[in-house]
Amino acid sequence: MIHRLDPRTKQAILMGISVVSVWGQTAFLASFSIMMILCFRSAGIRISDFVREIRYFLLFLLFIYGLRTITIDSNWIPFFSLESAGDAMVVCWRLLLIVMMGVLLVATTRTAHIRAAMIWYLGPVPVVNEKMAATMVGMIVRFLPLILFRGGEISDALRARCIEQRKNPVVRTVKFTIVLFRRIFLDADEFALAMQARCYNEQRTLPKLTFTRIDVIAVAMVFLLSFSILFDTCVSPIFLLFHFG
Amino acid sequence: MTIIETLNLCHEFADGTQGLKGVSLSFKEGEFTVIAGANGSGKTTFLRHLNGLLSPSSGSVTVCGKSVDKDPMAARQQVGMVFQDADSQIVGETVYDDAAFGPENLRLAQDEIDDRVEWALAAVDLTGYENKRPHYLSGGEKRRLAIAGVLAMKPRVLLMDEPFSNLDYPATRLVIDQIVALNNNRHTIIVTTHDLEKVIAHAKRLVVMEKGRVVDDGKPDDVVKGIQRFSIRPPCSVQLGKGILPWVS
């Protein structure tokens, strides 16, 4: 079902839930998490693969968790509080779910369709050249593996010439970065020429996008899910107030 | 019928180096030409002029009678170029997307794009690879995808810049087979190389460049005899006195 959703619907859901989740607490995040796990299953993405792919982001989340958990008192002494640990967990949970949605979008949608949806959304926005912006997104997706590959090659070449013997990390970084940047700029030049050679222009044929009944069902489901925020913010405090004083 | 013509074509790089010095050549429709030359002889610069990627410092380039400098887009529709480094030519996120990039730029209808992509991928033996990421293809497959990306635009002329560099034996054979098949289908082919061995037996014409000038031009059998003086290694069969023989049987 997720594969058949219109990319515009997927992007709208991603944007909508990202905004709404700011107010969401545990009930919303729990129900949203269950939905994401079901979606991952339906899209054929294994959680173990997902964790492996975002391992560096998980480290980043851990860093954020640490930053938000440890607070500094008036005497500039850092201390750990259980209350901020709970808040930090909710923040990290939200970020993780947004990343999960992003991964789901990328895994179930062709980049050309994501680009076309982006053009549709940015079309009415004044000043922004939606076609240029969409091309840039496509180029980033294409160019990123090439940059990583070049980085790996340059790093291997430097190690083959005993760069590790240089103790100064700044020197090592400079040696790596200058070569990498020079190579990337040359690649970018060649890339632009290759696009020109194939008649690149902004007026291109875009994939046809169509809304279907599945999109309506998906939006309705997400809308219902968003109601669990009400449970978090209104219903549950009132319930607690009446029953437990 | 002459399809491409250059008249006294000169190119000066930003640092003042003369890349091309008065190159005058014409190419007939359906002709298979090999342009040979040592590194820095101006082969790639020359090809880029034919595709309108560079503008002449002086002189002119015409494709189908139209000036390339005045209408590079029209020239690019007629003249497709396969770059030396296939990695930097592949712009799509999947094999399908890359082959479709050119036709999409030509604003063709989606059905026509699908047909062309299917045909182009079949022509280079990449059917079934549509959803693969180009980054994970082998060197030979990337080169064939680069050819498919150009073929999908249905150009009349195919320019190939060092098409055999970094390819192993089976991949080279496949690329040679495809070049020959395209030429048999009346495509005009212009291949640049410093390694004549692989392709010269199939060419009808051999042009030799040195330091930005055309220094020899004619039938391969005639030109290849004295080619060593231009720092180009003659094919083994020529060195053994057997004339030009195909690299693959």
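Analyst: Happy to! A word on terms before we start: domain bounds here come from an automatic or database domain assignment. On that basis chain A of this predicted model splits into domain 1, covering 1-110 + 209-245, and domain 2, covering 128-206. Taken over C-alpha atoms, the centres of these two domains of chain A lie 33 Å apart.

For the close look, let's move to chain B and its open sheet. Six strands make up this sheet, in the order E6-E7-E8-E3-E9-E10, with mixed pairing. At the edges sit strand E6 (79-82) and strand E10 (213-218) of chain B, each of which pairs on one side only. Ignoring direction, neighbouring strands of the sheet are turned by 20 degrees against each other on average.

Within the sheet, strand E3 (residues 32-37) and strand E8 (residues 188-193) of chain B run parallel and are joined by 5 bridges. One residue to look for there is Ala36(B), whose bridge partner in E8(B) is Thr193(B). Lying across E3, E8 and strand E7 (157-161) of chain B is helix H7 (residues 169-184) of chain B, which runs at about 150 degrees to E8(B).

Finally, the contact between the chains: 26 residues of chain B and 23 residues of chain A take part. On the chain B side, H4(B) gives the largest share, 5 residues. By type, that side of chain B divides into 10 nonpolar, 9 polar and 7 charged residues.

Methods: Residues are numbered from 1 along each chain as its sequence is written. Chains are lettered from A and ligands numbered from 1 in the order in which they are written. This is a predicted model: local features need pLDDT of at least 70, side-chain atom pairs count only at pLDDT 80 or more; totals for chains, interfaces and linings use all residues. Two residues are in contact if their C-beta atoms, placed from the backbone, lie within 7 Å. Helices (H or I, at least four residues) and strands (E, at least two) are DSSP runs, numbered from the N terminus. Ala, Val, Leu, Ile, Met, Phe, Trp, Tyr, Cys and Pro count as nonpolar, Asp, Glu, Lys and Arg as charged, and the others, Gly among them, as polar. Two strands pair if DSSP finds at least two bridges between them. Axes are lines fitted to C-alpha atoms, for helices over the stretch in contact, and angles run from 0 to 180 degrees between N-to-C directions.
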